[in-house]
Amino acid sequence: MAALRWLQAGESVILYGPVGVGKTHIAQALGHLTIRHGGDVRFTKTSRLLADLAGGHADRTWQRRLAEFARPAVLVLDDFGMRELTIQQADDLYELITERSGKRLILTSNRSPVDWYPLFPNPVVAESLLDRGEWCRPAPDARPAVRGQLFRGRRGCRHAR
């Protein structure tokens with residue numbers, strides 16, 4: 001994945017696996033490499049993105065905020081699928097993915113993509129969003145999940161052996 005073939009092939013990346021195996025670290029490294037090769041990248045926690053878009057509904061800046069998240073060539077959404085979505089959050093995600101058509105996503109999640117469907121309140125929105133082959137296909141050189149030793153202890157970081 002470090003060769004960025006996924007980016008050149010127009011693919012997105014989904015990194016999923018248990019807590020502490022380095023999904024966020026890998027996503028940040030891929031984003032950094034993309035920037036070093038001239039790409040535009042934005043990193044955010046999925047919960048912060050949804051909160052930001054919700055604020056846009058409140059102050060009538062939603063369209064501007066959506067455009068800011070839709071703009072970069074690569075959007076990294078960390079901790080995707082952590083909790084059930086409200087109807088508004090699911091609709092906002094749908095609008096974002098639709099607006100970003102043709103652009104890449106890097107998603108990190110503790111859940112397998114097949115476990116994301118129940119998190120959406122409307123099965124039609126879930127099906128429409130998650131079955132979009134253009135962003136949910138695994139990268140040609142990607143593995144289906146991140147596996148490995150836990151790199152963080154319960155009280156912060158510890159050195160890997």
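Modeller: Before we start: contact here means heavy atoms within 4.5 Å, and helices (H or I, at least four residues) and strands (E, at least two) are DSSP runs, numbered from the N terminus. This is a predicted model, where local features need pLDDT of at least 70 and side-chain atom pairs count only at pLDDT 80 or more, while totals for chains, interfaces and linings use all residues. Residues are numbered from 1 along each chain as its sequence is written, and side-chain values use heavy atoms, with hydrogens and water left out.

Colleague: Fine. What does the buried side of α4 pack against?

Modeller: Its buried residues pack against β2 (41-45), α3 (46-59), β3 (74-78) and α5 (87-99). Those buried residues of α4 (residues 62-70) are Trp62, Arg65, Leu66, Phe69 and Ala70.

Colleague: How do you know that they sit on the same side of α4?

Modeller: They cover an arc of only 140° around the axis, so they lie on the same side of α4. The arc is that of the directions from the helix axis to the C-beta atoms.

Colleague: And why are α3 and α5 called roughly perpendicular?

Modeller: Their axes come within 10 Å and cross at roughly 100°. Axes are lines fitted to C-alpha atoms, for helices over the stretch in contact, with angles running from 0 to 180 degrees between N-to-C directions. Under 35 degrees counts as roughly parallel, over 145 as roughly antiparallel, 65 to 115 as roughly perpendicular and the rest as oblique, so "roughly perpendicular" is the label for α3 and α5.

Colleague: Which residues make that contact?

Modeller: Leu49, Leu50, Leu53, Ala54 and His57 from α3, with Gln88, Gln89, Asp92, Leu93 and Leu96 from α5. They divide into 6 nonpolar, 3 polar and 1 charged.

Colleague: Over to Ser109 in strand β4 (residues 104-109). What makes Ser109 count as buried?

Modeller: Buried means under 20% relative accessible area, exposed over 50%, partly exposed in between (1.4 Å probe, protein chains only). Ser109 has 1% relative accessibility, so it counts as buried.

Colleague: What makes the Ser109 to Trp116 pair a polar contact?

Modeller: The definition wants a pair of N or O atoms within 3.5 Å; within protein, one must be able to donate a hydrogen and the other to accept it, and residues adjacent in sequence count only if both atoms are side-chain atoms. The side chains of Ser109 and Trp116 are joined at 3.2 Å, so the pair qualifies. The Ser109 side chain also reaches the backbone oxygen of Phe80, at 2.7 Å.

Notes: Ala, Val, Leu, Ile, Met, Phe, Trp, Tyr, Cys and Pro count as nonpolar, Asp, Glu, Lys and Arg as charged, and the others, Gly among them, as polar.
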